[in-house]
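This briefing goes through one protein chain, beginning with a single residue and moving out to the whole. Keep the sequence and the 3D view open while reading.

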Amino acid sequence: MMTNSLPFLILVILSLMVLGFLMMTNRDQAGRIIVFWLFISGLAYVFEFLIFILGGSYEYDPAILSNQYNDSVLGSISSQAFSVPISLTFIAVKRLKFGWILVIIAFFYFIESWFVLVGIYEHFWWKSIYTSIFLLLGAYLSKKWWKRMADPGLEKLHFITLYFSLSVLTLSISWILSPLLDLYKIPLSLFSDEMRNSITGNSIYSWVCNYLYTLAIFYRPNNIVAFWITLLILMTLDYALIHFNFLAVRGVCGIITLPLFHIAMLLLGKKLFSWYGHALKKTAEH
């Protein structure tokens, strides 16, 4: 008997195999490919926040986590962090023609319909045709963005790319720390489901922090003073949120978690930018 988690796991593994193949056949662009994949994932997270978290469009059921809402979010991550963005990355890097793009979209339509049929994915107001339309739009925009990423002079484009590529890491790690481990919480009362409220608040908090990370990394990547000033601003922001009851931390672990989280994200972002910056430098030299 098939377990609910198996189809999700297979999709993730297949997606990572495609990503690995893409990087092996384009070794000189491997860093740029990773950043672009994460960038598309970051945009997909925004899309998912709007239609899935706020809009209540559908529900996943991988049956891995005990909390039903977190379990659904995990199912969403398998799609929005792996299968969809890696497919769009493949389309952009390989510059696939319209016919092949339609084949990939048809594959996703079939998979989504099958997930609904076997009961591991449920639509509320969403329809599979909507997914196909957004994939077609995503393929077009991905090809345009990938092409423009080769121009080192487009500062705003590269800033946005770094912001969204880092945001997928920020949101994923903060989801583990807050909704899963409950080390801190942004208390909101928008929905009847407490976990849905927690994820909504945590997402907004993470995007704000991610903007400050990106500013420091993009404009002062090797400046230790900028690093510590950014960390001080983030800790001041956390203190203010705690003081005005917009942020709750759990014990000593919760108190030390946030500064360590900020430090880790600044270091991760710096590493990510070094891959990206190296690719841009090589492009400029040519």
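Ile 101 is buried because its relative accessible area is 5%, and under 20% counts as buried. The model it belongs to is predicted. The points below place Ile 101 in its helix, then turn to a buried glycine, Gly 254, to the salt bridges and to the chain as a whole.

**Ile 101 and its surroundings**

- Ile 101 lies in helix α4, which covers residues 98-118.
- Which residues touch Ile 101 once its neighbours within four places in sequence are left aside? They are Ile 91, Leu 96, Leu 136, Ala 139 and Lys 143.
- Leu 181 is 80 residues away from Ile 101 along the chain, and the two C-alpha atoms are separated by 40 Å.

- Gly 254 sits in helix α9, made up of residues 251-285.
- Is Gly 254 buried or exposed? Gly 254 is buried, since its relative accessible area is 0% and the cut-off for buried is under 20%.
- With its neighbours within four places in sequence set aside, Gly 254 is in contact with Leu 183 and Val 249.
- Between Gly 254 and Ile 13 there are 241 residues of separation in sequence, and their C-alpha atoms are 33 Å apart in space.

**Salt bridges**

- Side chains of opposite charge can pair when their charged atoms come close.
- How many salt bridges does the structure hold? It holds 2.
- Lys 185 has 23% relative accessibility, so it counts as partly exposed.
- Asp 182 counts as partly exposed too, because its relative accessibility is 31%.
- Glu 194 is exposed, because its relative accessible area is 56% and the cut-off for exposed is over 50%.

**The chain as a whole**

- The protein chain contains 9 helices and 4 strands.
- Read from the N terminus, the order of these elements is α-α-β-α-α-β-α-α-β-α-α-β-α.
- Along the principal axes, the C-alpha trace spans about 55 × 55 × 30 Å.
- Of the contacts between residues at least 6 apart in sequence, 73% join residues at least 24 apart.

**Surface and charge**

- Of the 286 residues in the protein chain, 47% are buried.
- The chain exposes about 14,800 Å², and 71% of that area is supplied by carbon and sulfur atoms.
- The protein chain has 19 positive and 14 negative charges.
- The mean position of the positive charges and that of the negative charges are 16 Å apart.

Key: Residues numbered from 1 in each chain as written. Predicted model: local features only at pLDDT ≥ 70, side-chain atom pairs only at ≥ 80, totals over all residues. Heavy atoms only, no water. Helix = DSSP H or I, 4+ residues; strand = E, 2+ residues; numbered from the N terminus. Buried < 20%, exposed > 50% of the residue type's maximum accessible area, 1.4 Å probe, protein only. Contact = heavy atoms within 4.5 Å. Areas by Shrake-Rupley, 256 points an atom, 1.4 Å probe, with all protein chains shown as cover. Lys, Arg positive; Asp, Glu negative; His and termini not counted. Charge placed at Lys NZ, Arg CZ, Asp CG, Glu CD. Salt bridge = Lys/Arg side-chain N within 4 Å of Asp/Glu carboxyl O.
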